[in-house]
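These are my notebook entries on one structure. I record here what I looked up, entry by entry.

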Amino acid sequence: MGSARLHGASPAAALAVSTALFAAGHAWQGPRGMLQAGLLGAALAAFRLRGTDLHALAWAHAAFDLGILATLGALS
């Protein structure tokens with residue numbers, strides 16, 4: 001996103017490209033996984049555009065993943 005912004009992309013365009021790439025990186029999870037990743041990615045990107053530290057966002061991503069894994073463990 002930072003590179004896109006440095007090259008003149010609007011915040012909305014940087015958010016859209018970042019979200020699309022994040023969702024595409026989760027294609028192995030199927031359409032539902034891509035949708036969920038896209039929603040999470042859009043939220044994280046929005047926080048990043050507002051100045052949230054990248055490390056805080058990485059921890060948020062890890063917490064989300066841990067919550068999913070804990071939920072899956074509880075269901076099995």
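I began just after α3, where G51 takes a positive phi of about 105°. Helices here are DSSP runs of H or I with at least four residues, strands are runs of E with at least two, and both are numbered from the N terminus.

I noted that this is a predicted model, in which local features need pLDDT of at least 70, side-chain atom pairs count only at pLDDT 80 or more, and totals for chains, interfaces and linings use all residues. Residues are numbered from 1 along each chain as its sequence is written, and side-chain values use heavy atoms, with hydrogens and water left out.

Next I looked up the whole chain. The protein chain has four helices and zero strands, and its elements run α-α-α-α from the N terminus on. I found that the C-alpha trace spans about 50 × 25 × 15 Å along its principal axes. Of the 76 residues, 17% count as buried; buried means under 20% relative accessible area, exposed over 50%, and partly exposed in between, with a 1.4 Å probe and protein chains only.

I then returned to α3. This helix has 20 residues and reaches 28 Å from its first C-alpha to its last, close to the 28 Å expected at 1.5 Å a residue. The expected span is 1.5 Å times one less than the number of residues. In α3, I listed G30, G33, A37, G38, L40, G41, L44 and A45 as buried.

I turned to helix α2 (residues 11-24), whose 14 residues reach 20 Å from first C-alpha to last, close to the 20 Å expected. Which residues of α2 are buried? They are A14, T19 and A23. These residues cover an arc of only 155° around the axis, which puts them on the same side of α2; the arc is that of the directions from the helix axis to the C-beta atoms. I recorded that the buried residues of α2 pack against α1 (2-6) and α3 (30-49).

I examined T19 separately. T19 has a relative accessible area of 12%, so T19 is buried. Not counting residues up to four places away in sequence, T19 touches G38, G41, A42 and A45; contact means heavy atoms within 4.5 Å.

The protein chain exposes about 5400 Å², and carbon and sulfur atoms supply 71% of it. Accessible areas come from the Shrake-Rupley method with a 1.4 Å probe; for residues, only the protein chains shown count as cover.
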